[in-house]
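Me: Can you walk me through this fold? Keep it short, please.

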Amino acid sequence: METRYLKSLIAVVDSGSIADAARAEHLTATAVGQRVQALERELGFALLSRSGHAARPTQACVALLPRARRLVREAALLGSDASADGLAGTLRIGAISTALTGMLPAALRKLTQAAPQCRPVIVPGTSRALFQMLQSGELDAAVIVAPPFELPKALRSVQLRREPLVLLAPPQARGRPAALLRSLPYIRYDPDAWGGRHAADWLADQGLEPAVLCDLDALEAIAMLAADGMGVGLVPHWTGLERFMGDCRMLPIAGAAYERAIWLVTSADPDLPRMAELLEGALA
């Protein structure tokens, strides 16, 4: 069985259409369709249910997808197995948006200098989504907010940094954080996000119920809205915040309990241990 055909099938399932999968695979839609049909003939059952331009996996396809993903991943690892130093191959790294614009660029530069045969693939996403991808084996490592629960034993974590909570206020705003939150619209860091719970905890502890303008799980956007005078926001002081806050006032919020911890999470038994070790060192 051709692992390339399995890779095309997975691309169709993940994108939701043969046309989108073809663009991602740099193939024609006809070629992708033929690959799926070849798999269906070999396996003896339908893998996709087509409706218009959409393509959805059948129940049989859903059942075999985890093994298909593992087969494709194992085939991709053959090159690194043949590498004497274990530093060749594709390293799939998930990262939240603030890590993408903050700590990751310098770390990637160090990683690729130390391992020229390493090809990092960066996957952006929320902490929750990246954690799920890590658990399903779709990622080798993820830079995420520390989850509000204990990690399963199959995963390991390294704390990269702690980010204190700060209040961002428009340049002309004056007063203490509590007074500003009572008087100005609140651009809320989504409390359902793993990192948003720290701001929500501080507000609850202070007995504050500000008037919420909107909820966002995009810290860069919160900083830019505050700079434009739209309101105030409680955000962690991440690496690179200054590039987005303009002339905002930044007021510290005391208390280690409200700091956001950023972790590097990997498998406890990674496929590419040498590259995972190098990534950890580069981020640290």
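**The open sheet**

Reply: Five strands make up an open sheet, ordered E4-E3-E5-E12-E6, with mixed pairing. The model is predicted: local features need pLDDT of at least 70, side-chain atom pairs count only at pLDDT 80 or more, and totals for chains, interfaces and linings use all residues. Residues are numbered from 1 along each chain as its sequence is written, and side-chain values use heavy atoms, with hydrogens and water left out.

Me: Which strands stand at the edges?
Reply: Strand E4 (118-124) and strand E6 (155-163). Each has a single partner strand, so one side of each is left without a neighbour in the sheet. Strands are DSSP runs of E with at least two residues, helices are runs of H or I with at least four, and both are numbered from the N terminus. Two strands pair if DSSP finds at least two bridges between them.

Me: By how many degrees are neighbouring strands turned?
Reply: By 20 degrees on average, direction ignored. Axes are lines fitted to C-alpha atoms, for helices over the stretch in contact, and angles run from 0 to 180 degrees between N-to-C directions.

Me: What about E5, is it mostly covered or open?
Reply: Mostly covered. Five of the five residues in E5 (141-145) are buried. Buried means under 20% relative accessible area, exposed over 50%, partly exposed in between (1.4 Å probe, protein chains only).

Me: How many bridges join E5 to E3, and to E12?
Reply: Three bridges join E3 (89-95) to E5, and they run parallel. Five join E5 to E12 (260-267), running antiparallel. Ile 93 has Ala 141 as its bridge partner in E5, and Gly 94 has Ala 142. Ala 141 also stands opposite Thr 266 in E12.

Me: Switching to H11. Which residues are buried there?
Reply: In H11 (219-227), Leu 219, Glu 220, Ile 222, Ala 223 and Ala 226. They sit on the same side of H11, because they cover an arc of only 160 degrees around the axis. That arc is taken over the directions from the helix axis to the C-beta atoms.

Me: What do they pack against?
Reply: Helix H6 (97-101) and several strands, including E7 (165-169), E9 (212-216) and E12. Contact means heavy atoms within 4.5 Å.

Me: And Asp 190, where does it lie?
Reply: Asp 190 is in the loop between E8 and helix H10 (196-206). Asp 190 is partly exposed, at 22% relative accessible area. Leaving out residues up to four places away in sequence, Asp 190 touches Gly 196, Leu 216 and Asp 217.
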